[in-house]
Amino acid sequence: MATRNVELSVGRNPEMGVGGLPTASPLAPFDIPEPAFDTEEMLINIGPQHPATHGVLRLVCELDGETVLSVTPHIGYLHSSFEKLGEYRTWNQIVPLTDRMDYLAPLIYNCAYVMSVEKLMGIQVTERCKIVRVLCMEMDRIFGHLLWLGTTAIDVGAFTPFLYAFQQREKIYKLHEALTGARITTSATRVGGMMADLPPGWIEGLTKFLDEFPKTLNEVDRLLTGNQIHIGRTQGVGAISAADAINCGLTGPNLRAAGVPYDVRKDRPYYDYETYDFEVPVGEHGDCYDRYLCRMEEMRQSVRILRQAIARLPGGPINVDDPNISLPSKTDCMSDMESMIHHFKLITEGIKAPEGDCYLAVEGSKGELGMYVVAEEGSTKPVRWRVRPPSFVNLSTIEKLAKGHLVSDLIMINASLDIVLGEIDR
Amino acid sequence: MANNPSSSALDAVELGPLPSEIRVRGAVTSAAAPSDHPSVAALVTRFGAGIVRHRVSAGDQTVVWVDPKQSLEILTWLKNDASQLYDMMSDVTGVDYGGASVDVVYQMFSTTHKRALRVRCELPANALEIDSVVGLWKSADWLEREVFDLFGVKFRGHPDLRRILMPDDYAEGNPLRKDFPLRGRFSRAEQTRRALEQDVERFYTATDLKHGGTPQQVTAGGKPAEGVD
């Protein structure tokens with residue numbers, strides 16, 4: 001991948017030639033001759049309330065002219081202590097906390113959390129439930145990447161892709177709403193299944209989206225991929241080598257852009273991802289442009305996975321048939337004594353877990369999303385619930401990526417990492 | 001939709017979850033089960049008493065408890081030895097069971113051998129200190145800071161060990177410790193009082209200032225404004 005051809009030449013700078021040659025940023029931050037007059041470094045503060053930081057992130061930058069000497073990110077403005085709160089809640093009550101972490105791809109968080117708890121408890125969910133969760137996760141990968149695409153394009157001056165991306169996101173919002181009743185705070189999963197089965201017409205809605213979405217994606221592709229301004233702003237900016245990227249803990253598209261083909265879906269497969277036919281896009285330069293290409297291709301691959309998942313969606317139940325795990329139906333509750341007792345026990349006590357700990361990683365839209373749950377024998381609440389936040393670790397590399405670049409590149413680098421502060425601060 | 005019996009959206013609410021034929025649930029954690037994880041045998045052979053115990057958790061996840069005194073040595077070997085090559089430190093976190101110890105947990109993955117391993121170090125609650133692994137994996141930088149912040153574990157040799165999620169001057173302790181009450185140690189009144197008393201000018205940390213000294217705000221006349229640090 002990473003064909004570096006300029007298709008849309010909109011600049012008048014003669015150095016930004018067309019004709020398929022690699023195009024460097026016209027504002028090269030390196031090799032600036034030492035000015036004759038006395039200079040001093042400047043400390044500037046970006047955020048925490050600044051649209052370019054994509055959330056309540058504060059970056060304290062040390063500048064020499066416009067060149068970034070150091071960046072110190074300050075986080076924690078959105079800290080809500082979800083992990084502590086989780087220790088006071090039963091297993092199912094934690095689900096609403098998970099989607100509030102990454103509100104840009106909430107269903108992935110819902111699914112990852114219950115998958116980890118189910119693995120800890122040894123619960124095997126039904127085939128239908130597995131496929132529905134795959135549908136949810138891949139749909140939200142597109143959902144998260146689209147937001148990234150729109151907001152990042154704005155950061156480098158392209159407004160149209162934002163409108164295109166958000167039109168498509170709106171359709172996924174509608175699908176969220178039909179499935180869960182909420183647009184963002186989905187809380188769709190339960191230990192052992194889902195809150196509800198797919199509503200009538202949902203699959204048709206998703207299919208319609210899959211038919212229309214690639215067209216929009218191609219339009220955005222046409223607007224950005226060969227665009228001279230976009231290339232000038234992203235190629236060679238914030239580059240990282242493969243070895244450094246692994247060592248710094250980058251995951252997801254950020255890691256793959258650096259040339260490391262690590263994808264949790266392929267390397268530590270869950271939910272039969274090894275049986276789906278899809279490819280993992282890998283970049284070679286590790287810069288903002290390759291991150292962009294990786295995410296664009298990932299959306300196309302997600303469309304492929306979604307089509308396959310729809311084709312193999314079986315009928316049958318969505319929740320496991322275990323009265324100690326799944327709530328009985330409302331009708332049974334009202335008419336059957338057993339069911340009412342089970343309902344009462346599940347609501348008041350919760351599901352009992354065996355002693356142990358479980359770390360389950362899924363490929364979130366931002367990177368490796370790990371859920372680590374620790375339980376004591378028979379506990380209905382976790383002793384410890386830990387989220388391995390991909391954005392948190394990705395953001396910690398920002399100083400390494402931005403050093404030596406311009407302030408305007410820092411904004412692009414920050415955007416290209418695809419962070420969400422709800423998850424970083426938790 | 002053919003595979004959904006519901007005809008209206010409200011039917012699903014009334015029906016509730018449908019029963020399943022699948023029923024698989026059993027003990028998944030076996031303390032005594034021998035692990036066939038290739039790293040465990042090598043670790044036991046090489047470090048002997050440095051490996052406190054090991055077990056399989058959640059079906060197929062190998063956990064190794066190591067002696068915190070030797071943790072850096074063992075982790076260095078796990079990262080660099082050609083038979084192990086755990087080049088990815090996915091997560092560093094802590095677990096407090098509310099007893100006399102706090103565990104530091106490392107989640108590692110080898111992109112070469114496609115293997116995951118969990119290493120845990122049990123630290124006595126009165127001496128929460130362990131060697132930092134930032135020198136081995138840069139990803140541990142913020143993760144260790146978070147454990148320091150929320151559990152109070154000191155990482156020896158960490159280049160920049162300060163709070164990360166809580167404010168630098170947070171005085172109530174380490175929130176994820178079991179003895180920390182959910183609403184915090186101070187009363188709401190005390191918390192408010194402290195928040196109001198905070199010096200809002202104290203805005204930059206020593207790390208921010210390591211390059212340029214005290215930042216100055218220049219007024220229209222060209223002279224530094226007073227009272228700005």
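These are my notebook entries on two chains of a predicted model, taken one element at a time.

**Ground rules.** I number residues from 1 along each chain as its sequence is written, with chains lettered from A and ligands numbered from 1 in the order in which they are written.

**Chain A, overall.** I looked up the secondary structure and found 17 helices and eight strands in chain A, where helices (H or I, at least four residues) and strands (E, at least two) are DSSP runs numbered from the N terminus. I then checked the radius of gyration, taken over C-alpha atoms with a globule rule of 2.2 Å times the number of residues to the power 0.38. A compact globule of 426 residues would come near 22 Å, and chain A has 23 Å, which agrees. Along its principal axes, the C-alpha trace of chain A spans about 85 × 45 × 35 Å. Of the 426 residues of chain A, 54% count as buried; a residue is buried if 20 or more other C-beta atoms, placed from the backbone, lie within 10 Å of its own, exposed if 12 or fewer, and partly exposed in between.

**Chain A, one lysine.** I picked A:K208, which lies in helix α6 (residues 202–224) of chain A. A:K208 counts as partly exposed because it has 13 C-beta neighbours inside 10 Å. Its C-alpha atom is separated by 9.7 Å from that of A:K171, 37 residues apart along the chain.

**Chain A, a helix pair.** Helices α3 (residues 106–121) and α4 (residues 127–155) of chain A pack at an angle of about 140° with their axes 7 Å apart; axes are lines fitted to C-alpha atoms, for helices over the stretch in contact, and angles run from 0 to 180 degrees between N-to-C directions. I noted the residues that meet, including A:L107 and A:I108 from α3(A) and A:M137 and A:R141 from α4(A), where contact requires C-beta atoms, placed from the backbone, within 7 Å. By class, this contact of α3(A) with α4(A) has seven nonpolar, no polar and three charged residues, with Ala, Val, Leu, Ile, Met, Phe, Trp, Tyr, Cys and Pro counted as nonpolar, Asp, Glu, Lys and Arg as charged, and the others, Gly among them, as polar.

**Chain B, the sheet.** In chain B I traced an open sheet of five strands in the order β1-β2-β5-β4-β3, with mixed pairing; two strands pair if DSSP finds at least two bridges between them. The edge strands are β1 (51–57) and β3 (88–96), each pairing on one side only, and the twist averages 20° from one strand to the next.

Going through the pairs, I found that β2(B) and β5(B) run parallel, joined by four bridges, with B:V66 opposite B:C121. Strands β4(B) and β5(B) run antiparallel with 10 bridges, and B:S110 has B:R115 as its bridge partner. These two strands form a hairpin with four residues between them, and B:K114 in the turn has a positive phi of about 55°. Eight bridges join β3(B) to β4(B), also antiparallel, with B:T93 partnered by B:V105.

**Chain B, helices on the sheet.** Helix α2 (residues 38–47) lies across β1, β2 and β5 of chain B and runs at about 170° to β1(B). Helix α4 (residues 140–151) of chain B lies across β3 and β4, running at about 5° to β3(B).

Key. This is a predicted model: local features need pLDDT of at least 70, side-chain atom pairs count only at pLDDT 80 or more; totals for chains, interfaces and linings use all residues. Two residues are in contact if their C-beta atoms, placed from the backbone, lie within 7 Å.
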